[in-house]
Amino acid sequence: MANFVLRVPIPLRSFSVSASSNSSGAVSGSSSDKSGGPVIIELPLDKIRRPLMRTRSNDQIKVQQLMDSISEIGLQVPIDVLEVDGNYYGFSGCHRYEAHQRLGLPTIRCKIRRGTKETLRHHMR
């Protein structure tokens, strides 16, 4: 199975793409507008705000295991990111995020969900 990455300019407002391959290697894909739910894209690490990073510490053994895995087979599960008014906020995937940082990778695969300022306030409680 082949993997590929779609790189799009920031901010992403109304376009999503998904693709998969079958056993013969054929790739199928689809796109949808902003009402189609979450979208998975690569975002630069420096575009993702981590409001809870100062209050949490990561398990360094887990981070090292993820670094080894990401180096060998790539990131398998995207981190969840909330997009509010063109800003991106990460509340999960702390170990995966740190592993990418420590590996010196400029981007990380993210599952983007759009939200409101009220949604953001709820996540920061």
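Helix α2 is followed by G104, which has a positive phi, near 75 degrees. The model is predicted. Its secondary structure comes to three helices and seven strands. From the N terminus on, the elements run β-β-β-β-α-β-β-α-β-α. Of the 125 residues of the protein, 30% count as buried. Among contacts with a separation of 6 or more, 74% join residues 24 or more positions apart.

- G104 comes after α2, and its phi is positive.
- D85 also has a positive phi, near 50 degrees, and D85 is a residue other than glycine.
- Most residues other than glycine have a negative phi.
- D85 is found in the loop between β5 and β6.
- With a relative accessible area of 52%, D85 is exposed, because the cut-off for exposed is over 50%.

**The sheet**

- Five strands form an open sheet in the order β3-β7-β5-β6-β4, and the pairing is mixed.
- The edges are β3 and β4; each has a single partner strand, so one side of each has no neighbour in the sheet.
- Strand β3 (residues 39–44) and strand β7 (residues 107–114) run antiparallel and are joined by six bridges.
- Within β7, C110 is the residue opposite I41.
- Strand β5 (residues 79–84) runs parallel to β7, with five bridges between the two.
- Here E83 stands opposite R114 of β7.
- β4 pairs with strand β6 (residues 87–90) in the parallel sense, over two bridges.
- I48 has Y88 of β6 as its bridge partner.

**Helix α1 against helix α2**

- Two packed helices are described by the angle between their axes and the distance between the axes.
- For helix α1 (residues 60–73) and helix α2 (residues 94–103), the axes come within 8 Å and cross at roughly 65 degrees.
- The crossing of α1 past α2 is right-handed.
- On the α1 side, the contact is made by Q60, K62, V63, Q64, L66, M67, I70 and S71.
- On the α2 side, H95, R96, E98, A99, H100, R102 and L103 take part.
- By class, the residues of this contact divide into six nonpolar, five polar and four charged.
- An α-helix has 3.6 residues a turn, so residues three or four places apart point the same way.

- K62 lies in helix α1 and belongs to the contact with α2.
- At 41% relative accessibility, K62 counts as partly exposed, because it falls between the cut-offs of 20% and 50%.
- From K62 to R96 the C-alpha to C-alpha distance is 9.1 Å, across 34 residues of sequence.
- Q65 is also found in helix α1.
- Q65 counts as exposed, at 51% relative accessibility.
- Q65 and R96 are 9.9 Å apart, C-alpha to C-alpha, and 31 residues apart in sequence.

**Helix α2 on the sheet**

- α2 lies across β4, β5 and β7.
- Its direction is at about 145 degrees to β7.
- The buried residues of α2 are H95, R96, Y97, E98, A99 and H100.
- These buried residues pack against β4 (48–49), α1, β5 and β7.

**Nonpolar cores**

- The largest nonpolar core has 17 residues.
- The members that touch the most others are L43, I48, I79, V81, I108, C110 and I112.
- At least two residues of this core come from each of β3, α1, β5, α2 and β7.
- A second, separate core has six residues, including L52, L82, V84 and Y89.
- I112 touches P38, V39, I41, L43, V81, E83 and Y88, leaving aside residues up to four places away in sequence.
- Y88, another residue touched by I112, is the bridge partner of I48.

Conventions
Residues are numbered from 1 along each chain as its sequence is written. This is a predicted model: local features need pLDDT of at least 70, side-chain atom pairs count only at pLDDT 80 or more; totals for chains, interfaces and linings use all residues. Side-chain values use heavy atoms; hydrogens and water are left out. Axes are lines fitted to C-alpha atoms, for helices over the stretch in contact, and angles run from 0 to 180 degrees between N-to-C directions. Helices (H or I, at least four residues) and strands (E, at least two) are DSSP runs, numbered from the N terminus. A crossing is left-handed if the near helix is turned anticlockwise from the far one by less than a right angle, and right-handed if clockwise. Contact means heavy atoms within 4.5 Å. Ala, Val, Leu, Ile, Met, Phe, Trp, Tyr, Cys and Pro count as nonpolar, Asp, Glu, Lys and Arg as charged, and the others, Gly among them, as polar. Two strands pair if DSSP finds at least two bridges between them. A nonpolar core is a set of buried Ala, Val, Leu, Ile, Met, Phe, Trp, Tyr and Cys residues joined through side-chain atoms within 4.5 Å. Buried means under 20% relative accessible area, exposed over 50%, partly exposed in between (1.4 Å probe, protein chains only).
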